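Me: I would like to learn how to read a few features of a structure I have not seen before. Can we take them one at a time?

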Amino acid sequence: MGELTHVDDYPEVPVSLVPSREVLHTGEWRNMRPVLTGRRAPCSGACPAAVPVPAYLHLLSEGRLRDAYDAFTLRNPFPAITGRVCPHFCETACNRSPYDGPLSIRSLERYLGDAAAGLPLRGPERETGRSVAVVGSGPAGLATAYYLRRSGHAVVVYEKRERPGGLLRYGVPEYRLPEAVVDGEISRLEALGIEFRTGVSLGERVSLGGLAQAYDAVVVATGAWEGQEMGVEGESLFEPGLEYLEQVARGRLDLPGRCCVVIGGGNTAMDVARVLRRLGGEVTVLYRRTAAEMPAIAEESAAAAADGVGFEFLALPRAAVKEGGGLRLTVERMCLGAPDASGRARPEPTGEMFEMVVDAAFKAIGERADLTSFPASVRRGPAGWLEVGADGATSDPALYVAGDLATGPATVVEAIGRGRRVADAVNARLGGGYGLPGWMLQEQPEVVGPGEANHAYFRRQARSEDPPAEARDGGALAEETLTIGAADALAEIERCYSCGYCNHCGTCFVFCPDVAIGWEDGPVFDYEFCKGCGICVAECPGHVLLFVREKGDE
Amino acid sequence: MSERHLLTGNHAAAYGALLSRVQVISAYPITPQTTIVEELSEMVASGRLAAKFITVESEHSAMAACVGASAAGARAYTATSGQGLALMHEMLHWAVGARLPIVLSNVTRAMAPGWSIWSEQTDFLSQRDVGWMMLFAESVQEAQDFVIWLYRVAEQVYLPGMVAMDAFILSHTSEPLIIHDQDRVDAYLPPFEPLYDLDPAEPRAYGGLVARDHYYEIRYKMYENMERAGPLLAEAGAEFGEVLGFPYGAVDTYMLDDAEYVLVSAGAMSSNVRYAVRLLRERGIKVGMLRLVVFRPFPFEEVRRHLGGRAKVAVLDRNMSPGHSGIFAQEVRAALSLGAPATDVYGYVLGIGGRDIRVETVIEVVEDLLAREQPQRCLYVGVKGLPIGPARPGAEIRPLEPLRSEVAP
């Protein structure tokens with residue numbers, strides 16, 4: 001600025017003499033500063049795999065499919081699978097729920113998975129020269145194998161069945177998860193150099209001891225497939241539910257009987273009931289407690305009811321005898337008692353009995369893991385399961401377990417989340433890994449709460465869901481819904497508050513009264529001029545910005 | 001070729017904007033200004049006037065839009081009235097501080113409450129100290145011409161200007177209007193050259209914070225240019241006569257040369273004052289009229305020259321500054337205090353809230369003036385039940401009897 005010693009030195013109006021704000025260093029007034037660190041979105045916080053939902057949605061909205069797929073697969077390699085079968089803990093946690101309903105995150109995940117079907121997964125940045133065996137190729141085994149391979153290890157997957165996929169292929173019915181989707185994901189893993197050795201059972205052709213000799217680490221993810229005993233007379237007349245689902249997956253489409261009962265209230269029971277219903281059966285679910293205590297995903301039990309599956313609650317079979325081509329069941333009426341260890345009301349006998357005559361009965365009362373191939377030296381925990389740390393480590397330092405084998409029957413997304421964490425634990429021991437983007441590393445662990453989102457920035461708009469498939473061209477078990485269309489997906493993404501993640505909406509840039517926010521692929525704070533008014537923090541629609549006290553101003 | 005039409009003052013103002021080739025119009029309709037905006041919107045919609053018409057939700061926004069347009073280099077125009085001008089007040093300061101030569105036609109209107117749409121100049125004169133040039137039009141012709149005249153000078157001194165037009169008496173009354181030939185207006189009024197370019201290639205902050213050690217100098221330049229505006233208005237008014245056939249000046253006189261008594265007037269009432277002067281002259285009373293055309297910058301020289309040494313001066317104020325007097329009376333007294341020969345100034349307040357100022361009213365004022373021996377600060381004319389005179393000492397406040405019904409305790 002020139003010397004202003006005479007009135008003629010001045011401009012006619014108050015205009016800055018240089019194209020800058022250099023005169024007033026308003027930053028000196030500040031005692032609080034806005035910082036762009038990112039915080040955890042509730043969807044991401046609730047997801048067992050910790051998928052960075054706002055980030056991949058933002059990238060999708062920008063038309064950056066590859067980047068969106070990369071962001072997603074940092075946490076979960078199979079969006080096309082979880083986009084179909086996940087009970088979406090994310091949506092339950094969504095901050096938009098009280099406004100006009102949660103974001104349709106699962107539909108968008110399925111959209112991403114299908115749109116990215118032709119894209120390869122990111123592979124290793126460098127080879128470590130280490131090798132890992134993964135036993136089991138269900139969701140936990142596949143996720144573990146992927147993250148280990150991405151970390152640079154040679155990975156061999158052992159699978160006792162003739163094809164890989166485990167529960168995804170043999171347990172989840174086709175109408176919920178088409179086999180072609182599973183095939184697609186496995187091809188992608190093969191393309192990264194993961195070797196699948198199928199038809200190899202643990203304990204027969206290979207042993208844990210042998211694998212431990214041949215590989216630097218062994219991860220076992222063989223799931224929980226063993227049916228449990230009810231201890232009732234004639235129990236052998238009940239067909240195990242999971243075995244039935246596997247037979248259906250292998251092409252058994254004849255109805256085992258017109259009138260069927262399914263015993264149990266979990267997800268396997270719902271799958272069995274709905275498959276039978278689709279094949280033309282009349283199906284009744286017998287459950288010893290009431291609808292409120294059912295362990296099945298609420299959406300699945302509601303869908304079963306909508307399919308025409310009948311429910312007989314507070315009913316526990318006590319005996320079965322053959323009668324004609326079918327069987328006669330004696331069922332005891334139960335009542336609810338005090339809560340048990342699971343926190344649910346305990347079913348108690350009433351002594352009142354009734355009979356049912358049915359053509360077939362299926363048992364789906366929960367599964368256990370087969371631990372026979374684990375030597376006694378691997379420590380067991382309470383309830384007869386293995387003793388497993390959060391990272392999948394067992395008492396044998398080279399042996400890790402993942403998925404249902406570690407947790408008991410759980411969801412696909414939990415298996416995937418466990419699988420990735422086990423891979424991290426293996427990396428911690430063997431070395432290797434892969435880079436994470438800055439926004440993910442910077443993210444603060446506090447979850448953005450429902451009261452913190454700025455609803456005012458969003459129009460009310462009903463959520464989109466997977467549209468129903470018009471005709472079942474693919475037969476009785478064909479997928480019932482379609483993947484959401486691109487236009488609907490983009491409109492749905494607009495509904496995302498982007499809690500805790502900067503999606504470049506520009507609100508802070510627009511609101512800053514001091515032009516102290518610049519823009520370089522996102523907001524950049526100029527603390528020389530930011531006077532700490534906090535308007536950007538208050539306005540930020542997704543509550544991404546934190547407002548922190550300056551040092552010395554405590 | 002110029003054309004002669006029978007048009008209202010409001011339509012004439014719209015023609016003033018049309019002939020000035022304004023590029024941005026932003027206005028909010030308000031009685032009695034509405035027909036200015038209607039006429040301009042039709043001119044723009046029909047393509048007759050190549051301008052952007054920005055509709056807004058308030059007069060404050062209208063002036064804000066004009067400020068933005070003018071800063072971007074467009075010739076900007078607006079029109080308003082009464083409450084609308086009051087709402088615009090803050091932005092009027094901004095326009096002048098930013099040195100933006102915007103022109104505004106204000107149809108003067110009494111301020112509410114009581115709610116009024118009728119003529120009174122208090123709305124306009126309440127903007128006295130903002131720093132805009134201020135003109136009073138008497139006729140439909142002036143309602144048009146003063147817009148053009150103001151742009152010419154505004155764009156020389158980079159100061160905005162406003163024209164007052166009396167509600168209905170001028171705004172809605174038809175008179176013959178010469179609509180000037182566009183080529184001649186173009187010759188008189190060159191295109192607008194903004195003082196500063198808003199150039200994104202060289203970003204600067206406009207209107208930012210100015211510390212105490214600089215503000216005065218920048219304002220001083222504004223004050224100084226307002227002083228320059230006086231001679232420039234005189235020069236441009238004379239040139240208006242040469243190019244367009246109507247010479248204008250800071251004041252207008254009638255039968256003034258030998259007058260012992262002078263009536264000071266402004267705006268549309270001046271026509272009746274002129275007629276009253278003629279009738280009084282027939283009675284042998286040596287009376288004349290001085291009409292104030294330019295109110296800011298105030299024509300001190302002219303006022304002192306025309307009024308100094310007269311026997312008595314009556315200032316007719318269709319406005320009021322409560323606790324003082326009519327505003328013109330204050331201004332005239334102040335001008336005469338600067339070394340002019342002694343003159344007694346009598347302030348008369350009349351025509352408040354649009355009450356008619358008839359020829360008879362003016363004659364009554366002159367009769368009162370002749371009868372008085374002491375100059376009076378403020379005399380009220382035509383208050384029901386009262387003769388012309390100063391405010392009553394010790395008047396009582398008498399509220400209405402309550403209308404409420406009896407309520408049981």
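Me: Is the crossing in which helix 7 of chain A passes helix 18 of chain A left-handed or right-handed?

Reply: This is a predicted model. In it, helix 7 of chain A passes helix 18 of chain A in a left-handed crossing.

Me: At roughly what angle do the axes of helix 7 and helix 18 of chain A cross?

Reply: Two packed helices are described by the angle between their axes and by the distance between the axes. Here the axes of helix 7 and helix 18 (residues 486-494) of chain A cross at roughly 135° and come within 10 Å. That makes helix 7 of chain A oblique to helix 18 of chain A.

Me: Which residues of helix 7 and helix 18 of chain A meet?

Reply: From helix 7 of chain A come S107(A), L108(A) and Y111(A), and they meet A489(A), E492(A) and I493(A) in helix 18 of chain A. By class, this contact has four nonpolar residues, one polar and one charged.

Me: Which residues of helix 3 of chain A are buried?

Reply: An α-helix has 3.6 residues a turn, so residues three or four places apart point the same way. In helix 3 (residues 65-73) of chain A, the buried residues are A68(A), Y69(A), A71(A), F72(A) and T73(A). Their cover includes helix 2 (53-61), helix 4 (79-85) and helix 7 (105-115) of chain A.

Me: Why is A393(A) buried?

Reply: A393(A) counts as buried because 20 other C-beta atoms lie within 10 Å, and 20 or more is the cut-off. A393(A) lies in the loop between strand 16 (367-368) and strand 17 (399-401) of chain A. Leaving aside neighbours within four places in sequence, A393(A) is in contact with Y400(A) and A425(A).

Notes:
Residues numbered from 1 in each chain as written. Chains lettered and ligands numbered in written order. Predicted model: local features only at pLDDT ≥ 70, side-chain atom pairs only at ≥ 80, totals over all residues. Helix = DSSP H or I, 4+ residues; strand = E, 2+ residues; numbered from the N terminus. Buried ≥ 20, exposed ≤ 12 C-beta atoms within 10 Å, placed from the backbone. Contact = placed C-beta atoms within 7 Å. Axes fitted to C-alpha atoms, helices over the stretch in contact; angles between N-to-C directions. Parallel < 35°, antiparallel > 145°, perpendicular 65-115°, else oblique. Left-handed = near helix turned anticlockwise from the far one by under 90°. Nonpolar A, V, L, I, M, F, W, Y, C, P; charged D, E, K, R; others polar.
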